[in-house]
Amino acid sequence: MTDKLVEVRNLVKYFPIKGGIFLRTLGFVHAVDSISFHIKRGEAFGLVGESGCGKTTVGRCILRLIEPTSGEIYFDGLNVVQLNDAEMRKLRYKMQMVFQNPYASLNPSARVHAIVGEPLLINRIAKGEDLDKKVLELLFKVGLSEDHLNRFPHEFSGGQRQRIGIARALALNPEFIVLDEPTSMLDVSVQAQMLNLLKDLQKELQLTYLFISHNLSVIEHMSNRIAVMYIGKIVEIAEAREIFLEQLHPYTQALFSTVPILDPDMKRDRIILGGEVPNPANPPSGCRFHPRCSLRIPKCKEIEPKLADIGNEHLVACHLL
Amino acid sequence: MRKIIRRIKWLEKARLGAFVKILENRMAILGIIILLAFAFSAVFADFISPYDPLHIDLEKMLEKPSTKHILGTDELGRDILSRIIYGTRISLMIGVISVIIGLLFGVPLGAVAGYCGGKIDNIFMGITDVLLSFPSLLLAIAIVAVLGTSLVNAMIAIGISQIPVFARLVRGSVLSLKGREFVEAAKGVGATNFRIIFSHILPNCLAPIIVQSTLLIASGIIAGAGLGFLGLGAQPPTPEWGAMLSRGRIYIRVAPHICFFPGLTIMLAVLGFNLLGDVLRDVLDPRLRMLKARI
Amino acid sequence: MTEPLLSIRNLKVHFYTYAGIVKALDGVDLDVYREETSGLVGETGCGKSVTSLSILRLVPNPGKIVEGKILFQGENLLEKSEEEMREIRGRKIAMIFQDPMTYLNPVLTIGDQVAEAITLHQDLSEEVIRMRIDELQKKHEQIYSSPNAEKIRAKIEKLYLTKKASPKLSWWDVKKASMKRALQVLNLVRMPYPERILNLYPHELSGGMRQRALIAMSISCNPSLLIADEATTFLDVTIQAQILHLLNELRQETKTSMLIVTHDLGIVAEMCDRVLTMYAGVIIECAKTRSLFKNPAHPYTRGLLGAIPKLHQKVEKLEMIPGTVPDLIHPPAGCKFHPRCLLAKDICKVERPGMIEVESNHFVACHLYGA
């Protein structure tokens with residue numbers, strides 16, 4: 001039993017780009033380029049970044065839904081990458097995932113009863129009446145009721161579908177749940193219900209969360225610690241409170257400045273980043289953020305900064321610090 | 001009628017709301033009526049057929065349609081109407097069984113190819129491409145030539161020629177569903193590949209499979225008639241529409257009705273299945289989106 | 001109070017589907033004033049997109065505008081013929097859509113598409129004449145002394161005279177002229193390397209650049225009203241910041257009135273002078289931005305503001321609005337929000353509230369206020 005439930009070391013995932021008549025490998029998309037971090041037991045860890053930064057890939061690699069190109073992922077001390085299929089199946093109980101798109105993450109031709117009960121059925125945890133009872137319990141936990149049992153996903157709203165997804169994730173009684181943008185496709189009012197539910201469940205079942213999102217306010221609301229990713233690299237990790245008070249990396253500063261303030265009296269300078277989000281297949285040399293950084297120095301173009309601890313467990317990857 | 005509509009509204013609550021739309025489409029109703037007529041005559045052939053289809057009466061050869069023989073008699077004095085009615089059994093059997101063969105082998109082939117990708121996909125699709133490159137009738141003829149001419153062999157041959165069609169179709173559907181999140185979720189809870197293909201992906205491919213099946217029954221009937229015409233399918237004296245057509249060729253100047261009625265029947269059967277297939281296609285796919293129009 | 005540029009009164013739009021008649025808009029009243037930016041806010045299904053499409057009469061089948069008036073510069077758009085509407089679309093009222101990838105034609109270059117908008121609505125004869133004069137003057141300088149110079153001088157004079165009447169425009173002339181204007185417009189939207197972009201296809205551009213191209217197409221004819229329908233939803237936050245900044249600058253430069261339709265209250269707080277909240281096909285609150293955020297009057301608006309996690313106000317639990325969005329085939333009687341409203345009174349179930357002024361220029365449709 002370690003304090004660090006999940007530890008990732010030098011995780012790399014490259015996706016090959018195939019092209020040409022014979023589908024040769026033309027190049028690689030550097031989705032995740034050697035990142036390291038850890039998640040403590042019982043905490044909610046937030047991973048934030050824009051599109052192409054690799055955050056979704058990280059989540060899937062930890063659960064081994066995608067095979068990492070290289071690197072180590074430790075779950076409770078066990079190296080996940082080296083396990084074979086049978087051992088992996090045993091580990092699957094402990095880690096689950098809630099997906100982003102409520103319209104695509106449920107089998108459209110299966111009833112709710114089957115969707116939520118499937119994990120229990122496949123892994124032979126329960127069957128028959130026992131299964132029915134357990135499925136009903138799970139539905140109650142996420143705020144659904146008995147008459148939802150026999151319906152199909154298309155009869156539900158986005159928020160309800162997400163709840164079904166959460167119920168499915170809880171079926172195997174996991175310790176660790178990866179939440180991949182669970183509320184991005186939901187309306188604001190539904191999102192509020194979902195986030196409150198997730199917080200309640202975390203307390204009640206003592207879960208550890210990896211919360212992935214591009215929405216800073218949501219991440220800041222839900223997480224204890226936050227990591228900011230940019231084009232396959234982590235640029236800053238710190239406690240939520242700290243990073244909110246003081247962002248050290250220029251990219252983090254720009255990100256935080258885009259969050260709208262709903263108080264028209266508070267004026268704030270927005271940092272408008274020039275340039276475009278680079279192509280992960282062809283990342284810039286040195287520090288990946290340097291083309292868009294207004295504070296860059298010549299060193300930034302040549303050497304890639306390493307993630308360093310500034311103090312108080314606040315890590316930044318920037319030459320200026 | 002009211003009662004039926006009320007019943008149908010209830011069915012609409014279940015996913016069978018599709019049927020409501022089928023019945024709202026006049027073409028579909030025509031198609032269904034035609035098909036019901038054929039099904040009825042196939043099942044109750046013994047009861048509704050006025051004469052024994054195999055009964056030869058040389059005194060009544062080549063008689064034009066009359067009150068005694070509604071569709072006339074053929075070159076051996078057999079009643080054409082009776083032969084057509086009994087022929088329904090054979091043609092429908094050919095159509096349905098060939099499609100069943102196509103489904104049984106084509107669907108798993110396509111599903112596995114689409115899901116696994118890579119070499120397996122290439123090999124399976126290579127086989128499919130070879131089969132598809134033959135004109136289907138020619139392929140059927142070749143297979144019958146190998147197996148020998150009989151009704152059963154005709155069905156097998158046509159079935160084989162339909163396998164690649166289903167394989168391609170299913171492969172396409174599987175490819176498009178493979179990347180969806182619910183498949184990932186199933187992997188995440190530990191489902192085996194087999195389960196994913198058969199419990200998760202295939203049930204969502206049913207729509208195009210059903211549509212294609214109805215259309216292929218129609219083409220199976222034509223193929224069967226074609227083989228029969230060439231003498232490669234059902235052997236005489238079995239009443240088969242295509243064979244009847246073929247036999248009647250010689251007499252077309254004297255007694256055109258021997259060719260005309262079997263031909264008309266083939267056309268009607270194919271029409272019925274095509275109409276049904278078309279409407280099913282319209283109804284099964286956008287169904288869910290129309291009912292739950294989001295603004 | 002000056003007369004509004006756009007005035008919608010009692011707009012009702014119904015969608016006739018197999019499942020029933022969906023009352024997407026049930027009496028919408030909306031005003032957009034000149035040189036002002038108004039925001040139309042609401043969640044999915046409230047009807048805001050239908051409203052913006054109705055203004056341009058682009059409501060898709062099976063939807064139909066069944067009642068109401070849309071007054072634009074004094075004229076009712078619902079009474080215009082299709083030809084007249086085509087004149088207005090793009091020229092007087094322009095729209096920026098949500099997903100630039102699907103709203104740009106993938107087989108035409110950006111230059112072609114921006115130029116198309118220009119060619120359809122603008123008279124390019126002046127531009128063409130100017131171009132011809134420029135060319136001839138260049139030639140004139142080269143052969144100043146030779147006898148041909150006389151001929152050229154005569155041509156130039158003639159062109160100056162024919163400036164009023166339109167000359168015969170060849171296809172090539174029009175193309176060159178429109179490309180020139182297109183380049184000007186692309187510069188206006190701060191597109192990087194605009195000359196190169198003219199020859200690129202949409203799939204070769206990034207999301208932010210595509211959105212700029214769409215904006216360029218919309219403002220190319222200097223419309224009086226610009227409608228942005230969720231224009232930044234699919235963009236990354238840093239790119240979204242760029243685009244919003246651009247829209248702000250354009251607003252100040254060209255003095256166009258804007259209607260920003262979005263679900264994001266943050267965008268509204270930054271960009272809009274006036275805000276209207278929408279729910280289940282009706283406008284429920286309308287106020288100046290500052291008023292709305294400081295004193296949200298309608299329970300739904302309050303709930304919405306409470307439900308958003310805010311960086312600067314850390315709360316343990318977010319405020320939730322109970323229940324779900326109503327079924328628009330069978331909408332609730334009376335106030336559409338009453339089934340979810342914690343402060344609902346008996347009258348709310350029966351009578352639909354009208355707009356009541358709670359403070360200066362701040363209107364709410366709620367029985368909690370007023371007689």
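## Nonpolar cores

A nonpolar core is taken here as a set of buried Ala, Val, Leu, Ile, Met, Phe, Trp, Tyr and Cys residues joined through side-chain atoms within 4.5 Å, where buried means under 20% relative accessible area, exposed over 50% and partly exposed in between, with a 1.4 Å probe and protein chains only. The structure is a predicted model, in which local features need pLDDT of at least 70 and side-chain atom pairs count only at pLDDT 80 or more, while totals for chains, interfaces and linings use all residues. Residues are numbered from 1 along each chain as its sequence is written, chains are lettered from A and ligands numbered from 1 in the order in which they are written, and side-chain values use heavy atoms, with hydrogens and water left out.

The largest nonpolar core holds 164 residues, and the members that touch the most others are Ile166(A), Ile93(C), Val189(C) and Ile215(C). Its largest share, eight residues, is contributed by helix H6 (residues 188–205) of chain A, helices (H or I, at least four residues) and strands (E, at least two) being DSSP runs numbered from the N terminus. Leaving aside residues up to four places away in sequence, Ile166(A) touches Val98(A), Val142(A), Met194(A), Leu197(A), Leu198(A) and Leu201(A), a contact being heavy atoms within 4.5 Å. Apart from this core lies another, of 51 residues, which includes Leu92(B), Leu177(B), Ile209(B) and Ile258(B).

## Buried helices

In chain B, helix H9 (residues 181–188) is mostly covered, with seven of its eight residues buried; these are Glu181(B), Phe182(B), Val183(B), Glu184(B), Ala185(B), Ala186(B) and Gly188(B). The cover over the buried residues of H9(B) draws on two chains, including helix H1 (55–62), helix H2 (85–92), strand S6 (95–98) and helix H5 (158–170) of chain A, together with H8 and helix H10 (193–201) of chain B. After H9(B) comes Gly190(B), which has a positive phi, near 100 degrees.

Chain A has its own helix H9 (residues 250–257), in which Thr252(A) is placed. With a relative accessible area of 0%, Thr252(A) is buried, and, not counting residues up to four places away in sequence, Thr252(A) touches Val228(A), Val235(A), Glu236(A), Ile243(A) and Gln247(A).

## Salt bridges within chains

Side chains of opposite charge can pair when their charged atoms come close. With a salt bridge defined as a side-chain nitrogen of Lys or Arg within 4 Å of a carboxyl oxygen of Asp or Glu, the count over all chains comes to 30. In chain A, Glu43(A) and Arg225(A) form one such pair, with an N to O distance of 2.9 Å. This pair links distant parts of the chain, 182 residues apart, since Glu43(A) is in the loop between strand S2 (24–40) and strand S3 (44–48) and Arg225(A) is in strand S9 (residues 225–230); both Glu43(A) and Arg225(A) are buried. Chain A also contains a network of salt bridges that links Glu7(A), Arg9(A) and Glu72(A).

A salt bridge of 3.7 Å, N to O, joins Lys134(A) and Asp130(A). These two residues are four apart in helix H4 (residues 128–141) of chain A, and therefore about one helical turn separates them; Lys134(A) is partly exposed at 31% relative accessibility, and Asp130(A) is partly exposed at 34%. In chain B, the closest N and O atoms of Asp129(B) and Arg168(B) are 2.7 Å apart in a salt bridge. Because Asp129(B) lies in helix H6 (residues 118–133) and Arg168(B) in helix H8 (residues 151–178), this pair ties together parts of chain B that are 39 residues apart in sequence. Asp129(B) is partly exposed, with a relative accessible area of 39%, and Arg168(B) is likewise partly exposed, at 33%.

## The interface of chains C and A

Between them, chain C and chain A bury about 3,600 Å², 57% of it on carbon and sulfur atoms, where buried area is the accessible area (1.4 Å probe) that two parts lose on being put together, summed over both. Thr238(C), Pro309(C) and Leu311(C) supply 19% of the area that chain C buries against chain A, more than any other three residues. The contact takes 40 residues from chain C and 40 residues from chain A. The rule finds one salt bridge across this interface, and Asp200(A) forms a salt bridge with Lys317(C), their closest N and O atoms being 2.9 Å apart.
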